[in-house]
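Please open the structure in your viewer and keep the selection panel at hand.

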Amino acid sequence: MMSGAVTVEAPAKVNLWLKVLGRETSGYHSLETLFCAIDLCDRIHVEAAPDGVALEVQGETDTGPVEENLVVRAARRFLHAVGRGGVRIRLEKRIPSAAGLGGGSSDAAATLRALNHLAREPLGEAQLLQMAIELGSDVPFFLSGSPLALGWGRGERLLSLPPLPERSLLIVHPGAAMATAAAFQALARHRGGDYQPSAQRYLLQQLTSWNEVAQFSVNDFEAVVPATVPAAAEAISLLRHHGAAISRLAGSGACVFGVFADDTAVELAEVTLRERGFAVWRARTLAAIPAVSEVRPQTGAPGPPG
Ligand code: C5P
């Protein structure tokens, strides 16, 4: 039986590079991407319970039906695999949804890590990775423990890279959401249905400094999302105008991010974009994915159930 409680921060990500290659027979598109975790985080608190999965969401409430929440799906899969116990989960939502920041995927990966810790690590890396793949495309990256990684396939084939020096970011919400499936459909239409993969032949040793990343940075969704969400295109050019070294759509959109070498520039960009009516968040790139930590019951207070 599981017992105790744990808490973990689930970080967002941006793709410093995102090439969408061919559509595979599975219906999914093959990608070539550079994932970078940032310190804009959701927080997940998991407490052992006799059975079942209960979820309470705080903060943003627009996270869809509880049964479809990736946190619940991840917890159910985990409990089914280990064949025991239940959990009560509190999700404190700060990462905007349908924004391209990987919030739901990160919550799912953090849930798997939290439950495995709570249950004293019964599942190995390969089993957790298989669950992550089935839960969603960005989940393996968040599970990998690496804050910077190249990803191929659906993002389940990963190569960890040494972290780059920390940088400040500005995340900008254009006021509209973008569902991942809709973004892929729009790109397929734009390219005329069946299209040829166009993998960029990059050299790994060229991705060892921010200058080199800035030189190679790309996001194929920028061909279509700004037409559906014009404010995203406006935010990209405002960030560039304010000195962002990299200014791109986040994942499949609709959020946008700027990477700044200079903290004064990021402050000015923040003021301007906020004045224009955009919701903005300051963030920093992460040097490590946050660890799961145990919550000790206070002395004198009754311990958690289970
Ligand atoms: O992986 P996730 O469930 O978030 O994907 C949502 C939808 O986006 C998929 O059902 C698919 O239509 C599309 N998708 C894709 N290729 C990917 C990832 C997602 O076509 N690599």
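Sorted by class, the shell around the ligand comprises 4 nonpolar, 5 polar and 1 charged residues. Please bear in mind that this is a predicted model.

Step 1. Select the ligand together with the residues that surround it: G27, Y28, H29, L31, G136, S137, R154, T180, A181 and F184. The protein covers 71% of the 450 Å² of accessible area that the ligand has on its own.

Step 2. Keep the ligand and select the side chain of H29. An N or O atom of this side chain lies 2.7 Å from an oxygen atom of the ligand. Next, select the side chain of S137, where an N or O atom is likewise 2.7 Å from an oxygen atom of the ligand.

Step 3. Turn to the space that the ligand takes up, which is the largest pocket. Which elements give two or more residues to the shell around the ligand? They are β2, residues 29-49, and α5, residues 180-191. Colour α5 separately, as the largest share of the shell, 3 residues, comes from this element.

Step 4. R43 belongs to strand β2 and E9 to strand β1 (residues 5-23), so the pair ties together parts that are 34 residues apart in sequence.

Conventions. Residues numbered from 1 in each chain as written. Predicted model: local features only at pLDDT ≥ 70, side-chain atom pairs only at ≥ 80, totals over all residues. Heavy atoms only, no water. Near = heavy atom within 4 Å. Polar contact = N/O pair within 3.5 Å; in protein donor to acceptor, adjacent residues only side chain to side chain. Areas by Shrake-Rupley, 256 points an atom, 1.4 Å probe, with all protein chains shown as cover. 1 Å grid on protein atoms, 1.4 Å probe; cavity = no way out; pocket = protein on both sides within 12 Å on 5 of 7 lines; lining within 4 Å. Sits in = over half its atoms within 2 Å of the grid points. Helix = DSSP H or I, 4+ residues; strand = E, 2+ residues; numbered from the N terminus. Nonpolar A, V, L, I, M, F, W, Y, C, P; charged D, E, K, R; others polar.
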